[in-house]
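Please keep the sequence and the structure in view while reading.

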Protein chains: 2
Amino acid sequence: MTDQLVNGAPAGTEIFPIERLREFSVRAFVACGVPEEDAGLAADVLASADLRGIDTHGVARLAQYVEMFKQGRINPRPDIRVVRESPSTATVDGDNGLGLVVGPRANLMAMDKAETVGSGWVAVRNSNHFGAGEYYPLQGLPRELIVWAMTNSPPQVAPLWGAEKMLGTNPMAIAFPALEEPAVVIDLTTSAYAFGKVEDAARRGVPIPEGCAIDRDGRMTTDPNDMLNGGALLPLGSDRERGAHKGYCMAAMVDLLSGALSGASWGPFAPPFPAHLAPPARTVGLGVGHLFGAWQISAFIDPTEFRRQVDDWVRTMRGTRPAAGTTGPLIPGDPNRRSEETRRVHGVPVIRPVIEAMRRVAAETGVPFD
Amino acid sequence: MTDQLVNGAPAGTEIFPIERLREFSVRAFVACGVPEEDAGLAADVLASADLRGIDTHGVARLAQYVEMFKQGRINPRPDIRVVRESPSTATVDGDNGLGLVVGPRANLMAMDKAETVGSGWVAVRNSNHFGAGEYYPLQGLPRELIVWAMTNSPPQVAPLWGAEKMLGTNPMAIAFPALEEPAVVIDLTTSAYAFGKVEDAARRGVPIPEGCAIDRDGRMTTDPNDMLNGGALLPLGSDRERGAHKGYCMAAMVDLLSGALSGASWGPFAPPFPAHLAPPARTVGLGVGHLFGAWQISAFIDPTEFRRQVDDWVRTMRGTRPAAGTTGPLIPGDPNRRSEETRRVHGVPVIRPVIEAMRRVAAETGVPFD
């Protein structure tokens with residue numbers, strides 16, 4: 001099985017048990033001055049992504065977080081505090097802490113409120129990159145809560161008919177528990193395409209699909225370098241006829257709910273994540289913004305009845321007649337769940353550049369890796 | 001100005017003052033057995049759409065509602081009741097009432113709860129078509145509430161890699177008040193294209209754009225008749241590479257939150273709206289489902305500060321460098337607001353088929369039209 005996991009993967013890929021990746025992250029964060037408990041929380045968020053096949057958001061990011069600490073761009077011991085509160089809402093100031101710590105704590109507050117008054121909404125400002133969005137709704141499933149998480153992010157996307165980056169890919173994630181079927185787990189960005197795929201295409205010298213990006217004049221392009229050299233990603237929908245105004249509206253919604261409502265930065269002024277990028281031209285708020293929401297299912301309907309309906313929904317969608325040349329629709333969350341099932345047992349394949357980055361982290365922090 | 005409004009419109013287009021359209025709707029609903037107050041509420045929802053340029057959702061739909069009453073498919077005097085409640089949530093059974101009445105009442109409950117405990121969420125089952133989505137968040141603006149409304153709808157859209165209609169176009173709407181700038185008003189469906197545009201293209205014998213629809217085998221098509229004859233609309237994103245899994249996920253989210261959480265029908269079993277369509281094959285819940293949510297801005301941040309941030313956001317987005325060949329990005333809500341400004345003063349242009357439908361309503365209900 002290990003061979004199977006590595007087959008087809010780039011040369012130099014190695015398999016790691018998830019516990020080892022998690023433990024390395026914990027110790028690296030602690031070496032950066034993060035308290036033990038917070039380091040454990042942050043490592044959980046990364047490990048969840050590694051298990052569930054979101055390879056871009058797991059241990060692959062560790063070196064970037066460490067670099068942000070090294071440059072003093074993230075506060076390792078934040079005083080996370082509630083600055084405004086009502087029975088079903090709160091606004092949290094993350095004190096420029098790690099998003100992987102501020103996010104889970106704020107999400108917990110939203111869940112606790114939902115169990116008290118039916119729903120809980122926590123807006124967060126002064127935070128940083130919060131990891132893979134689906135981590136947050138996954139926490140709600142065992143508590144029979146529907147959790148909805150969103151965050152704004154550094155500008156990569158042009159509004160429809162714009163020629164420059166003004167909005168983040170602004171993801172949102174939500175999950176619904178079932179009874180016998182697996183949960184429906186949704187995690188999406190509001191752009192047509194991922195920035196990582198553009199970078200990858202440029203590295204490999206291949207075009208990107210039509211409808212994913214524009215050049216610096218706002219013209220659609222299939223050359224990834226056009227996007228990288230002053231262009232932008234397109235909103236979900238690609239152009240006016242196919243609904244790109246809707247992708248733009250979704251990105252705007254996430255930006256205003258995560259950024260403006262919390263008092264964080266927004267739009268083109270959202271702080272960049274990799275440490276080598278310059279801070280934004282103008283400061284309109286404090287750091288990155290998130291919004292976490294939780295609904296208590298039993299506040300609306302008998303939870304077992306709800307779970308049965310989700311079972312039925314899942315089976316109904318799976319039963320859709322397949323489009324020619326396909327095996328039929330997936331259920332949101334299918335690929336990540338399958339990844340988790342395999343990787344929990346057989347380990348996580350890590351590509352050589354990530355292993356090398358972990359070695360650099362080891363050298364810088366003194367945490368043993370090999 | 002009247003000439004200008006009619007210029008370019010199909011022959012037979014006439015201009016009506018909004019008061020006259022609204023009054024006709026009120027009297028038609030009353031003639032169907034709807035109590036006066038409910039009829040006024042329903043007519044307000046239609047009039048809002050007519051003013052704001054959402055011509056498909058205004059008085060153009062009146063004949064369909066009347067037909068639904070005539071066939072006994074909608075209850076004119078529903079006993080709208082709360083079946084479950086918590087401080088920040090409720091589930092409402094609409095007793096198969098007009099969505100234009102059940103929706104506004106449930107939305108009002110969500111807003112009242114938000115003013116009491118910071119946020120309010122009302123799931124609705126056993127309702128019907130609730131009109132244009134943006135009506136609901138518009139009600140929140142004068143109260144400094146952010147309102148989020150969504151509804152499931154009859155199946156028109158295939159899940160990615162499916163070959164049949166399994167989900168509605170499942171719209172959502174949300175609005176954000178500004179201070180000096182107009183509010184940001186978002187109202188979108190989760191499909192790449194509108195069914196009405198497919199019907200229109202078929203009537204005119206012209207193709208639809210690539211990426212909007214599939215034929216009965218699930219193959220992409222530009223022939224509108226392929227979609228009409230057993231095909232389906234595609235989710236926002238059009239195909240896998242350009243993110244159609246995200247549009248599918250959004251439609252799923254709206255379906256599960258509106259349908260399953262409230263105990264309404266969902267997916268392919270959501271009840272059809274025009275009265276000539278047969279009821280769904282299987283009953284999985286009660287009627288159409290909606291979800292209304294409201295956040296009290298002051299529960300999160302000083303409302304004036306928030307409005308200032310929205311002003312800044314609007315000006316920033318408006319200041320985006322325009323893409324070549326365009327005049328630059330719009331702000332969500334711009335076209336509808338401009339329509340309202342014009343139509344409040346100069347009246348609403350109504351095309352001949354709608355005038356004819358109103359004449360039929362007049363003949364059937366005894367309400368004078370000419």
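Chain A is divided into domain 1 (1-77 + 347-370) and domain 2 (80-192 + 234-332), with bounds that come from an automatic or database domain assignment. This is a predicted model in which local features need pLDDT of at least 70 and side-chain atom pairs count only at pLDDT 80 or more, while totals for chains, interfaces and linings use all residues. Residues are numbered from 1 along each chain as its sequence is written, and chains are lettered from A and ligands numbered from 1 in the order in which they are written.

The centres of the two domains of chain A, taken over C-alpha atoms, are 23 Å apart. In their contact, 18 residues of domain 1 of chain A meet 15 residues of domain 2 of chain A; two residues are in contact if their C-beta atoms, placed from the backbone, lie within 7 Å. On the domain 1 side, α3 (36-51) and α4 (62-70) of chain A each supply at least two residues, and α3(A) gives the most, with seven residues. Helices (H or I, at least four residues) and strands (E, at least two) are DSSP runs, numbered from the N terminus.

Chain A and chain B each give 72 residues to the contact between them. Elements of chain A that give two or more residues to this side include β4 (119-127), α9 (244-260) and α10 (303-318).

| Side | Nonpolar | Polar | Charged |
|---|---|---|---|
| Domain 1 of chain A, touching domain 2 of chain A | 10 residues | five residues | three residues |

Leaving aside neighbours within four places in sequence, Val184(A) is in contact with residues including Val310(A), Val314(A), Ala252(B) and Leu256(B).

Methods
Ala, Val, Leu, Ile, Met, Phe, Trp, Tyr, Cys and Pro count as nonpolar, Asp, Glu, Lys and Arg as charged, and the others, Gly among them, as polar.
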